[in-house]
Amino acid sequence: MAKTTEITIPETTASETIADLVRKIIVQIGEDPNREGLERTPERFEKALRYLTSGYNQDPESILNGAMFSVSYDEMVVVKDIEVYSLCEHHLLPFFGRCHVAYIPDKKVVGLSKIARLVNMYARRLQIQERLTSQIAKAVEEKLSPQGVGVIIEARHLCMVMRGVEKQNSTAVSSAMLGCFRENKQTRDEFLALVRSSKA
């Protein structure tokens, strides 16, 4: 029999906003939420958090569907150096870096800017880098049905830089390779070479 998991939601009043809860946090860390510098901080934090997690209100279909085109093109398409800003789900601290996306079409391509929008959509959620990388690759695969997809993300995590091991120069690299990018070493190597060329 499948195990059911109960989710317990901490008690808050129905009318409490994120700003109200942040005000309580400020008190808990020993600060005065009414002093001049902090007076509007809870509202600013709520507005910023809603923007940084706005990806929950979007879906890949609405982003990609209006910009798919039928073409007879079967060479690699690469969109590299897409800036990524996201929030680590473990500490709610930012991680940021660059994302490189490649695919080999099979009768369909998508507008290049839509790839960047797709990356933003998944990045603007509470994330771990590995899941973010995989979600981008799977969305391209599902919507375009290409011969293959490759995604690489290189990112710095403030949860490692500001706290914990405090390694300021560390970078995490994650990849997702689907279809011919996984099965064909030549395809994979071509993608990796194109990504490396951006650092030259």
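A polar contact is a pair of N or O atoms within 3.5 Å; within protein, one must be able to donate a hydrogen and the other to accept it, and residues adjacent in sequence count only if both atoms are side-chain atoms. Keep that in mind for T53: a polar atom of its side chain lies 2.7 Å from the backbone oxygen of L49.

Before going on, a word about the model. It is predicted, so local features need pLDDT of at least 70 and side-chain atom pairs count only at pLDDT 80 or more, while totals for chains, interfaces and linings use all residues. Residues are numbered from 1 along each chain as its sequence is written, and side-chain values use heavy atoms, with hydrogens and water left out.

Now the whole chain. You will find 8 helices and 7 strands, which are DSSP runs numbered from the N terminus (helices H or I, at least four residues; strands E, at least two). The C-alpha trace spans about 60 × 45 × 40 Å along its principal axes. Of the 200 residues, 36% are buried, where buried means under 20% relative accessible area, exposed over 50%, and partly exposed in between (1.4 Å probe, protein chains only).

Back to T53, which sits in the loop between α2 (41–52) and α3 (60–64). Is T53 buried or exposed? T53 is buried, because its relative accessible area is 15%. Leaving aside residues up to four places away in sequence, T53 touches R124, R125 and L126; contact here means heavy atoms within 4.5 Å. Y122 is 69 residues from T53 in sequence, with 9.0 Å between their C-alpha atoms. Across the chain, 67% of the contacts with a separation of 6 or more join residues 24 or more positions apart.

For another loop, look at V71, between β1 (68–70) and β2 (77–88). V71 counts as partly exposed because its relative accessibility is 32%.
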